[in-house]
Amino acid sequence: MNPPDAALATTSAAPAIAVDGLTKRFGAFTALDGVSFAAGQGEIMGFLGPNGAGKSTLIRILCGLLHPSAGQARVAGIDVARQPEAVRARIGYMSQKFSLYGDLSVVENLRFFAGIYSVPRAEMAGRIAYAVAMAGLGGQENTLVANLAGGWKQRLALGAAILHRPPVLFLDEPTSGVDPESRRRFWELIHTLSGDGVTVLVSTHYMDEAEYCHRIALIARGRLIALGTPLEIKRHSLDGELLALACADLGRALPLVQGAAGVRDAALFGSRIHVTVDEAARRGPELEALLAARGIAGATARPIAPTMEDSFVSLVGKAALNAATSANAAGARP
Amino acid sequence: MKLRRIQAIAVKEALQIVRDPRSLMIALLVPLMQMVIFGYGVNLDIRHIPLCVLDHENGQQSRNLVARFAASNYFSLRRAAGSDREVAQALDEGDCGIALVIPADFSQRLNDGGRATVQALLDGTDSNTANIAAGYAKSVVAAFSAAAQLDAVQRRGGTLQTQTPVGVEARVWFNEALESRNFIVPGIVALVMAIVGAQLTSLTIAREWERGTMELLVSTPVQPMELMIGKLLPYFAVGLADAAICLGLAVFWFEVPFHGTVATLLFTSSLFLTVVLCIGYLVSVSIRSQVGASQVALLATMLPTTLLSGFSFPIEQMPAAVQAATFLVSARYYVEILKAVFLKGAGVVELAVPILCLALYAAVVVVLAARAFRKTLD
């Protein structure tokens, strides 16, 4: 992959994406509430959040598809609300729903988008060949897109989105419904693009994918609740340390653990209970002893490093608590 | 506007049309079927009205009169009744549209040089047909009286110098009905093209919204005007094929006399096609579901064209307010143009006014359709 078109490139000083206090309301519903962040050139920024959190709304605003209710967003240095057409020429977009033409073949789709993005005719063949190779669709150029498997479709959609070498890419849940092997290949492509200086903003609800991003933004109920590298998020999200507790009767053990000294949070996590405590080395043996005393056999607690999912659950829980508190406070006002 | 983008869209749209042969077949077969159905179905001529005769005399003269009725194209003798009750029954049952009652002294009164009268009983439930049937009956009787008069004079050895009987003039009116197909069929061409043209494009945007391809398309730098032109071009080609089918059927199948030039026809038909394709596009942009868009396009073209284009109901006879409304119906101009091109051989100079109206109409719809397309999801 060649670097993005110089003519379309972002000015080096400004961040590739700069969002400030972005808000989007649909009637009484606030889909996006004062979101601010910035992404630099070549950065892979992941947006993580449950369905309906506002990820798609954010991406659509940045693509100029929705008009922000308040706040400002600049993509490649250009104000999205004021000059959406100038932004559109500088971005590639993969919408959540597959949106290439199923009744057209692989190359017909690519030719169409090359034409729409006014790719120079002299370069068209080369770029289409590159996109085909990148998607691993060599030999299937004339297959109708409707007949491709999910993973190939996604890679083709990515290939179509970079034909005009945009400096900024928006990918809205690009890997949903795709098998793990295809997902891994897809992420390799994203990293290649990033290495070439393309800024990638990608939304996902796969926790493991967040680890592939340079930085992650956690988003819930339209608010940005955390922003940082995967390591930073995991380190700072929990107040305390994490224990994985295995025992016989999880259902009976959980309320006991929740009520124990030094325990800040406890939740079922598969066949274990993940317990956030103030001091893992001291509380682990205490919990084991407590459960044994109550007749629950085989209790073993060992300290673990928090996963992205732990952080996510913890952060979303805190955000919900804050929202409830502020709502109560607002309600209490005369 | 970039030619490059228009070309990309036109090629894509053409590929999609070709990849969907069923829809293409429908687009070409439907006008063919509609032309045939409407061409035969919409017919103002009234022929072969079932006739019931009650001949009280049953003499030479009365049988002559009945024979004249039977020989005319307007009536076909369905029943010879023996009594008034039978006549009443024939009309009641709807078996006959008209009954002719000839009195017993018919010949005698005629031979005495006096006036003979026959009674025509009409089924008035369809007042229009009844009116026309009465008119036809009068004309048959008038022809019969003229012949009878001539016959009587000749028998007396004289020559007839009487003037043409009053009422024969009315036959011109009825002769006009014989030609009704000639002015109806060009109107049907306009009707079919309006319906099919708007249908062709009514799905083109709605389909992209439904399939989810529009979200990506609006995120690209494509301009509304480019999208519209690119999408309309291939449908314009299909529409021209439809026009050729309709006009070809009019000339070669329905044998409507064609006195104009093909160039005039091509030019004016292209103009009208532009209008109806843009109307369909406008509907498609406004309504994001295929079913809804198709229904609205059908309603928006078929009703006004049928009622207000002047193809079946003369505009001059409409109330002033309705007449004013007809100026908003694009087919009105095309019907006017087609009739003039077909029957009078009119060229673009004679048709300047309707052509300019149609051009203005096309310009307005093009602008509306291009502006209606919003590149946002709000």
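This is a predicted model: local features need pLDDT of at least 70, side-chain atom pairs count only at pLDDT 80 or more; totals for chains, interfaces and linings use all residues.
Two strands count as paired if DSSP finds at least two bridges between them. Strands (E, at least two residues) and helices (H or I, at least four residues) are DSSP runs, numbered from the N terminus.

| Strand pair | Sense | Bridges |
|---|---|---|
| E1(A) and E2(A) | antiparallel | seven bridges |
| E1(A) and E4(A) | antiparallel | five bridges |
| E4(A) and E5(A) | antiparallel | two bridges |

A:Leu22 stands opposite A:Val35 in E2(A).

A:Asp20 stands opposite A:Gln72 in E4(A), and A:Arg74 has A:Asp79 in E5(A) as its bridge partner. The hairpin of E4(A) and E5(A) has two residues between the strands, and A:Ala76 takes a positive phi near 50° there.

Chain A also meets chain B, in a contact that takes 33 residues from chain A and 28 residues from chain B. The two chains bury about 2700 Å² between them, 56% of it on carbon and sulfur atoms. Buried area is the accessible area (1.4 Å probe) that two parts lose on being put together, summed over both. In chain A, the residues that lose the most area to chain B are A:Leu65, A:Tyr101 and A:Ile116, together 22% of what that side buries.

Four salt bridges are found across the interface, a salt bridge being a side-chain nitrogen of Lys or Arg within 4 Å of a carboxyl oxygen of Asp or Glu. A:Asp103 forms a salt bridge with B:Arg211, and the closest N and O atoms are 3.7 Å apart. H3(A) gives the most to the side of chain A that touches chain B, with six residues.

Residues are numbered from 1 along each chain as written, and chains are lettered from A and ligands numbered from 1 in the order written. Local features need pLDDT of at least 70 and side-chain atom pairs count only at pLDDT 80 or more, while totals for chains, interfaces and linings use all residues; side-chain values use heavy atoms, without hydrogens and water.

Methods: Contact means heavy atoms within 4.5 Å.
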